[in-house]
Amino acid sequence: MGDAKGDAKGDVTPASPEGDCQDGRCGLIKRPGDLYEVLAFHLDRVLGLNRSLPAVARRFTSRLLPYSYTDGAPRPIIWWAPDLQHLEDANNDQNSCTLGWLQYQEMLQPHRPTLVAGDAPCSSIPHSEWSRLALFDFLLQVHDRLDRYCCGFQPDPSEPCVEEMLHEKCRNPAELVLVHILVRRSAPSRLVFIDNAGRPQHPEEKLNFRLLQGIDSFPAAAVATLRSGRLQSLLLESLRLDRELWESQGGAGGLRPLLRTIDRRARVLLRHIREHNLTLFEDSPR
């Protein structure tokens, strides 16, 4: 965990890490391979979802960090939200509530109220939040939250879900659970999207439509952006603000293949919405 008070090019000032983090002045330094989390953050903002924690790319030189952090490679640093709600169960502390796949699908049924009964798992989270999550995860092909078992596509033998024998559980849906379903104590009805690097190289013929299962409506403003034909240019405009990411990826030329992939997935999602006559909803004013 890095202290955001310190200069990325200098030493981090020794202080009270616990106090700083509780005050929202910490960040989590992640692996160079997670750099796409920064792209995901910009996608989240361009679409007006505003559910991802702020993320930037930085190079670190502080002597307080291990050498592997200061070897010149840019790394993503994600803002540490001090009030993320975690379950007390040590084996399930990456969730704010426990939710199985079958419970999740039942909760999405049209006959269910927007907020299900208070004693149900994740009862504070309205349907619209799951719609935002499904849209975001489909564009990035983030499988970890809704389909960590790779049930929605045929995984390669090298996939973690195969190596960890998770894929075998697809035969028994009652065993499947959602992970990284998180909210903040200050906003228990809004999901927080974490670990969003997704799969930029995931082949188009294997797109995971299971991420969209049970979702019958999507946020109108985000869909309007996807339909506008300006998604790539809006993302470039936003990504240009993070100079470290921009330069490390080779500027617009280096980023365009990634953005074209997201744009193609957006067109597939729009076709899915059209072919299934799915509805759009307006964001309620805050």
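1. A charge is taken to sit over a ring if NZ of Lys or CZ of Arg is within 6 Å of the ring centre and within 35 degrees of the ring normal. By this criterion R148 lies over the face of Y149, at 5.7 Å from the ring centre. The charged end of R210 likewise sits over the ring of W101, 4.0 Å from its centre.

2. This is a predicted model, in which local features need pLDDT of at least 70, side-chain atom pairs count only at pLDDT 80 or more, and totals for chains, interfaces and linings use all residues. Residues are numbered from 1 along each chain as its sequence is written, and side-chain values use heavy atoms, with hydrogens and water left out.

3. The whole structure contains four aromatic pairs (rings of Phe, Tyr and Trp, the last by its six-membered ring, with centres within 6.5 Å; planes under 30 degrees apart are stacked, over 60 edge-to-face, the rest tilted). One of them, Y104 with W130, is edge-to-face, at 5.2 Å centre to centre and 65 degrees between the planes. Y104 belongs to helix α3 (residues 101-107) and W130 to helix α4 (residues 127-140), 26 residues apart (helices are DSSP runs of H or I, at least four residues; strands are runs of E, at least two; both are numbered from the N terminus).

4. Y104 is buried because its relative accessibility is 0% (buried is under 20% relative accessible area, exposed over 50%, partly exposed in between; 1.4 Å probe, protein chains only). W130, also at 0%, counts as buried.

5. F136 and F193 are stacked, since their ring centres are 5.0 Å apart and their planes at 25 degrees. F136 lies in helix α4 and F193 in the loop between β6 (187-192) and β7 (217-219), so the pair ties together parts 57 residues apart in sequence.

6. Ring pairs also join W101, Y104 and W130 into a cluster.
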